[in-house]
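Here are a few exercises to work through with the model open in your viewer. Try each one before you read its solution.

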Amino acid sequence: MVETGIPRLDEFLGDGIPAGKSMVYFNHPGVEGDVFGMQTLHHNLSKDISCVFITSSSNPTLTKDQFTEFGWSIQKFEDKLTIVDAYSSLVGDLSNEKYVVSDPENIENMNEIIIQVMKDVPKKSVIMVGSLSTIMDLCGEEKTLEAIKLWNKMAILYDHVIIYNFTAWPYSESTIKVIKDEIFNSVISVGGIAERVIFGQYFGVLKADWADHKAQSMLFRVLRPGGIKIYIPKILVTGPFDAGKSTFVHSLSTRAISVDRLGTTIALDHGHIDHKGFSADIFGTPGQERFDPIIKMISGEAMGIFLIVDSTAPKDFVRAKQMLEITKGYGLPYVIIANKQDIPGAMSVDNIRSQFNIPEDVPIIPAIATEKKGVFEAFELLVEKITGGT
Amino acid sequence: MDGYFLGLDKLDENIKGIRAGSNIMLLGPPMSGKETIINNIVYNGLKEGEAAVIVTTREPGENVLQWFEYNNLEIPLEHIGIVDCVTKTLGVPTADTVNIKRASSPVDLTGIGVKISQFLEDFWMKKNIRKTRLCINSLSTMLMYSNIQTVFRFLHVFTGRVKAAGAIGIYLVEDGMHDDQAIATLKQLFDGVIEVKQEEDDHFIRVVGMGQKPSPWYEYTIDGADLVLIGGD
């Protein structure tokens, strides 16, 4: 299996893409879809897999430079990377690459070079078509669709995996239908959430003929450096007074800020975390009852909840359950953090579970927030529950 | 009105403003001062607290900013975003800046589109600016690298985005560089045209399609950065 290197996507695809299969990143205009292809290519190069990149909208030097924006140095993999230059001739530049399409507006010429490179590189290579839409713009829709069929057959013949970046400009309905439904083994939709402007980006599997894929979309952000990260816009951290919520937010976050007075949170804590391919904004509520109206305001549109309890203060557990109700947390994925495990008299996870009377599938994580112990484990677990991971 | 003014006094008085969401072609012969016209339109928006996204296909992004500096026009840099389609094609290794994002080339319509969207999002979501002028300088250069259908598809998407964002779009086209059919094809996407013509040494400007009838032709002169309208003929 060839992995895409995109967080969660390989799981959705049943561990990756089998040899001989084709996949298209179907990118809506204005959305950073090209990064998907680049991340997949870099991921496979770093796994010592031979890769081919067909560039048709910028010259090979610029193409390589684009990877460095994301912190990916592909220069060190040059013996594994073959570039097909289908751009330089278009603007009258000379090319230093071995494989050059001398007339990028001629699909026959494009076919000749691409087929040759697919024969020459080792079997089970990853072939990346950098911009299928540019080829389609230059060579025409029908001719390009016929060429794709040929390239996909070559992939089957040589056990390659072939992946295309495609920007879904308003081509003819029939072309879009062929691309979405017929010509590729797998289609990954990369889209934007737009109202007045595009304010969020998502991806999801539209089709994967080898896997019982999950029809689920993931929000993502593109970090420089870093690449594609799954984005969770709001995770709530709640719990009784003095349970350690602010400490938890600060321990978990790459950067955080609290609105507090005399050492206790009176409005909210906010933190941002980037961890193992996931990016999230975390909002901590105050714990005192007089702030309950604020908690309701902060809780809206949360995707998951950390409920922090002081393991040495069972008298507060009733309040903790009440806070879960205030935040409507019962309908959302949540994880209980049994904090202050380093203090003598701290209750065990089993004891807390029996006192709380909650289902077995609700995780309770022992933690010492002041020492960052248990906080990342809890984050990974909650993210898995939110994103439907395995 | 909840619209825009070009900042060109007599023209604005005649057309009484431009509706938010409008897309306008700026069509005129080479060497007629279209860049000064477009820069004036940008500057007049910036003065009113609006934002501007400029796609430059003919000169590096830094040069666009220098024009304002050279002419002693103060601009709020946090309100301006430039999509530079030139610098990378020159082989100069230059990083993006806060104001300038660089596309690979004028062929890279996908990259250009992403960068326009990022600036629009930044102005609307993060900076809370509700009025933006998108200027593409120029469609003629794009048409040298891509065919008319390709540019049409690109514009179809982004004229739609301008409408959705309540922005205005100004798209510069060189008169005489394209056949009539190409111009007619592109015009389908626009709500109006700012026309520029030259008669001997004199230049004239008018707006078509933004009112019940075309505005009169106004003679104009360019004095440094200033565009001075002289009168209707």
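**Exercise 1. Find how many aromatic pairs there are, then classify the pair A:Phe248 and A:Phe306.**

Step 1: This is a predicted model, and over all its chains it holds 18 aromatic pairs.

Step 2: A pair of aromatic rings is described by the distance of the centres and the angle of the planes.

Step 3: For A:Phe248 and A:Phe306, the ring centres sit 4.9 Å apart and the planes meet at 65°. Planes over 60 degrees apart count as edge-to-face, so that's the label for A:Phe248 and A:Phe306.

Step 4: A:Phe248 belongs to helix α8 (residues 245-252) of chain A, while A:Phe306 is in strand β14 (residues 304-310) of chain A. They are 58 residues apart, and the pair links distant parts of the chain.

Step 5: Buried or exposed? Buried means under 20% relative accessible area. A:Phe248 has 0% relative accessibility, so A:Phe248 counts as buried. A:Phe306 is also at 0%, so A:Phe306 is buried.

**Exercise 2. Which residues do ring pairs link into a cluster in chain A?**

Follow the ring pairs and you get A:Tyr25, A:Phe36, A:Phe203 and A:Phe220.

**Exercise 3. Describe the interface of chain A and chain B.**

Step 1: Start with the residues: chain A puts in 28 and chain B puts in 28.

Step 2: Next, the area. Together the two chains bury about 2300 Å², with 59% of it on carbon and sulfur atoms. On the chain A side, A:Trp169, A:Arg196 and A:Val197 lose the most area to chain B, together 27% of what that side buries.

Step 3: Go polar. There are 3 salt bridges between the chains; one of them joins A:Asp137 to B:Arg153, with the closest N and O atoms 2.9 Å apart. Polar contacts across the interface come to 10 residue pairs.

Step 4: Sort chain A's side by element. α3 (60-68), α5 (132-139) and β8 (198-208) of chain A each supply at least two residues, and α5(A) gives the largest share, 3 residues.

Step 5: Finally, by type, that side splits into 12 nonpolar, 8 polar and 8 charged residues.

Note on methods
Residues are numbered from 1 along each chain as its sequence is written. Chains are lettered from A and ligands numbered from 1 in the order in which they are written. This is a predicted model: local features need pLDDT of at least 70, side-chain atom pairs count only at pLDDT 80 or more; totals for chains, interfaces and linings use all residues. Side-chain values use heavy atoms; hydrogens and water are left out. Contact means heavy atoms within 4.5 Å. Buried area is the accessible area (1.4 Å probe) that two parts lose on being put together, summed over both. A salt bridge is a side-chain nitrogen of Lys or Arg within 4 Å of a carboxyl oxygen of Asp or Glu. A polar contact is a pair of N or O atoms within 3.5 Å; within protein, one must be able to donate a hydrogen and the other to accept it, and residues adjacent in sequence count only if both atoms are side-chain atoms. Helices (H or I, at least four residues) and strands (E, at least two) are DSSP runs, numbered from the N terminus. Ala, Val, Leu, Ile, Met, Phe, Trp, Tyr, Cys and Pro count as nonpolar, Asp, Glu, Lys and Arg as charged, and the others, Gly among them, as polar. Rings of Phe, Tyr and Trp (its six-membered ring) pair if their centres lie within 6.5 Å; planes under 30 degrees apart count as stacked, over 60 as edge-to-face and the rest as tilted. Buried means under 20% relative accessible area, exposed over 50%, partly exposed in between (1.4 Å probe, protein chains only).
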